[in-house]
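I begin with the charged side chains and then turn to the chain as a whole.

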Amino acid sequence: MKKRSYIQYLSVPFAVLATLASCQNKDVKTVVEGNVTDQVYVAPGEYDEFYAFLSGGFSGQITAYGLPSGRLLKEIPVFSVYPENGYGYSEETKAMFNTSYGVIPWDDSHHIELSQTDGEFDGRWLFVNGNNTPRIARIDLTTFETVEILEIPDVAGLHCAPFVTENSEYLVSGTRFSLPIPQKDVPISSYKENFTGLINYVSVDAKTGEMDLAFQISMPGFNYDLARNGKGKSHGWSFLTTYNSEQAHTLLEVNASQKDKDLMAIINWKKAEEYLKQGKFTERTTSYFHNLIDEKTGIAASQEMKTTRIIDPKECPGMVYFIPVPKSPHGCDVDPSGEYIVGNGKLSADMSIYSFDKLMAAIESNDFAGDIDGIPVINYESGLHGILTKPGLGPLHTEFDGKGFAYTTFFISSEVVKWNVEKLEVVDRQSTFYSPGHLVIPGGETKKPFGKYLVAMNKITKDRYLPTGPELAHSAQLFDISGDKMKLLLDFPTKGEPHYAQAIPASKIQPNCKKFYKIEENKHPYVAKGEGQAKVERKGNEVHVYMTAIRSHLAPDNIEGVKVGDKVYFHVTNLEQDWDVPHGFAMQGAATAEILIMPGQTRTLLWEPGSVGIYAYYCTDFCSALHQEMSGYMRVSAQDSNVPLRWSLGENIEDKVEIPES
Amino acid sequence: MFIAIISLCGVFLFPLWKITLDAAQFPGGLELNIWINRFSGGEEGEYIIQNINILNHYIGMQFIEPDSIPELIYFPYVIFGMLLLGIISILINRQWGYVSWTTLLCILSGLGVYDFYLWMYDYGHNLDPNAPIKVSGMTYMPPLFGEKDLLNFYVASYPATGTFFLCGTIMLAFLAFYFSKKTQNQ
């Protein structure tokens, strides 16, 4: 009987879907209109206009694409180990995966955020969240390398992250799954009594970009989903959509979809800063890790952090408000002026658009419809700019073109809809193939969007590309939005499942791109700044090889005196000081990965020989005409052998002086 | 004559010669600037010597080591000497003073160019017999003046701004000689 009622319930939206879809006159065979190749063709030797950074979803990485060509430029490893260059395998990068859960070498990366200055992209850093093991990473855009990862304690499913404020003061995040705080062994059915949701503010150092968990705000046990920060007049405020205000804990598909309205949280973080200064917080003992790469040595170090500061809205009036938002919202987006906040109810046929001025007026005049756990709930109508009625089905995310229009993806009706923010009128719609999640307009979340292109990130790719078995790449679709009508220009496959992207004019990154690391600035403890410094040292059962790589040889290229059971550390310094000349290092039978060493950098590979014999090592990056010759031999002797430790390059190893063991 | 001396100082401010190496793998080419007392690269070419040496070792050319080239140390002293002699010639203010100074500078400049030629001849011809890449009959001397194909590189070698200052100095000194003659005749 119960089952039947579900079916009845679900049939309602599907009936709406059918009606709406039929009047959209959709044609899945639609390709492109007219000759658009000129618009996406970037001739050999020319550059793309924009960098687009797409999150890698379940790949745990980020990919950089060029727009408008859709060419893949680089895959940046962030939360997942990456055998292609040894990230997570080299001794320098292993610490990047330390968390309070142990070493977690994978994640689910979702939202890309570029650093901002005065509400515009400054091209310095890129932030992305790990959804599974709650953490936020920072990528340095001079090197396109992950340089920092900060874990967020006492949250689960850090989906709602890491949304940046107008001057990169903070990265705002919220827990997707509420949890008992502190963690404890309680019945799951005690959800309502025992579970709390945290909203987190990570500060970003204006000079170095270094992250620090400034404070957390304890909230009712809802699911916090997405956020944006105010800009311009709404600077200082954060807006977060939440779902499951039903506080259900089983069969959420149904039980968390009962109420017609969920809630949007509105946070005055400047007020929170004041309360923090006044000491109105609880210091809680917990555990989370901060992993940071030292710029001079290139080595990541982990620090376990043991305290966090939690602010309770009950004791801090004027800091947090709620306002109802249509059913199960997903997107929460602020327009370039900072006045309008779009709340997308993904199970609602309508979209609510709020006005910042009206929200402030409602707060001023205590226009509340009660409170939840001491948090005032603003009257829905009082904060509303208006409702965009029946724009499509399943609204998810909205971006802006800076010309007064918003573009929203509709997952269920599979389209992008363009609408006028002020007038609340739909002006254009374009089918996507198929089921778009996020979309991105270069600068579309900033004060000054570059309203030229739009990329829809589609979840389903059936029949768009040559089939590749049961799994198909997700597709991104590029639209020209410079005219009145959107125009489909290009499809291109993506890696993993991108959840959001940000795009920035190449001119803001390209001139600052680092070409190599200066060897005189290399402070790695095992650096060899020239072949004269290449050597092998034994410390107990550890053997440290100070190796150099330069076209086209490794020094030393013959090593003897290593024994079974030793831990052999190859510290390879790339002596090159030229752009695009990395060297690789691979050891026969290494149980980890090979490593890539950038010019001027030192990287360490640990190898534990398991049996006696001669082992070959070599360069893996085709560096020069004599790359194949860039190799060497390691002799491994039995544990009790008395073969002396010695090494050579270009001379007979027998002529080398025996080095006494220390 | 005073301007001539000032102009001679230009050899410290600008490179004397520029050799450009062009190849597909080096968009924009590699630029080697030769100064009176040092070498330098073009834009971002801080490590030009190391990078040229890496390329040259395949064909067995010797490494260019600025520290081992004594001319880079004593040439500046020669210029200082000439500056001093120039001032003396102004003090003397006689025709013979100017003409001998100009002639001396011409001879020294000629010797400098010849010395440069000898170095390049040595680098281009004195190859390591064990070089990994051997092309029979090939020598790798860059042109003293002009352009030339050397394996995958197209090499262009021309005087740079510093040399033009040197030439300007010679001309100005000659003018000083010319006018001083006139004034003395009057």
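**Salt bridges and overall form**

1. In this predicted model, a network of salt bridges links Glu113(A), Arg228(A), Asp333(A), Glu399(A) and Glu445(A). Over all chains, the count of salt bridges comes to 31, and three further pairs are taken up one by one below.

2. Glu49(A) and Lys452(A) meet through their side chains in a salt bridge, with 2.8 Å from N to O. Because Glu49(A) sits in the loop between helix 2 (37–40) and strand 1 (50–55), while Lys452(A) sits in the loop between strand 31 (436–440) and strand 32 (453–458), this pair ties together parts of chain A that are 403 residues apart in sequence. Both partners count as partly exposed, Glu49(A) at 36% relative accessibility and Lys452(A) at 34%.

3. A salt bridge also joins Lys459(A) to Glu497(A), whose closest N and O atoms are 2.8 Å apart. Lys459(A) belongs to the loop between strand 32 and strand 33 (474–480), and Glu497(A) to the loop between strand 34 (487–494) and strand 35 (501–505), so the parts of chain A tied together here are 38 residues apart in sequence. Glu497(A), at 14% relative accessibility, counts as buried.

4. Between Asp491(A) and Arg464(A) there is a salt bridge at 2.8 Å, N to O. Asp491(A) is placed in strand 34 and Arg464(A) in the loop between strand 32 and strand 33, so that this pair ties together parts of chain A that are 27 residues apart in sequence. With a relative accessibility of 19%, Arg464(A) counts as buried, given that the cut-off is under 20%.

5. As for the fold as a whole, chain A contains seven helices and 46 strands. Its radius of gyration is 28 Å, close to the 26 Å that the globule rule gives for 662 residues, and chain A is therefore as compact as a globular protein of that length. Along the principal axes, the C-alpha atoms of chain A fill a box of roughly 90 × 60 × 55 Å.

6. How much of chain A counts as buried? The share is 60% of the 662 residues. Among contacts in chain A between residues at least 6 apart in sequence, 63% join residues at least 24 apart.

7. Finally, the accessible surface of chain A comes to about 26400 Å², and carbon and sulfur atoms account for 53% of that area.

Definitions and conventions:
Residues numbered from 1 in each chain as written. Chains lettered and ligands numbered in written order. Predicted model: local features only at pLDDT ≥ 70, side-chain atom pairs only at ≥ 80, totals over all residues. Heavy atoms only, no water. Salt bridge = Lys/Arg side-chain N within 4 Å of Asp/Glu carboxyl O. Helix = DSSP H or I, 4+ residues; strand = E, 2+ residues; numbered from the N terminus. Buried < 20%, exposed > 50% of the residue type's maximum accessible area, 1.4 Å probe, protein only. Rg over C-alpha atoms; globule rule 2.2 N^0.38 Å. Contact = heavy atoms within 4.5 Å. Areas by Shrake-Rupley, 256 points an atom, 1.4 Å probe, with all protein chains shown as cover.
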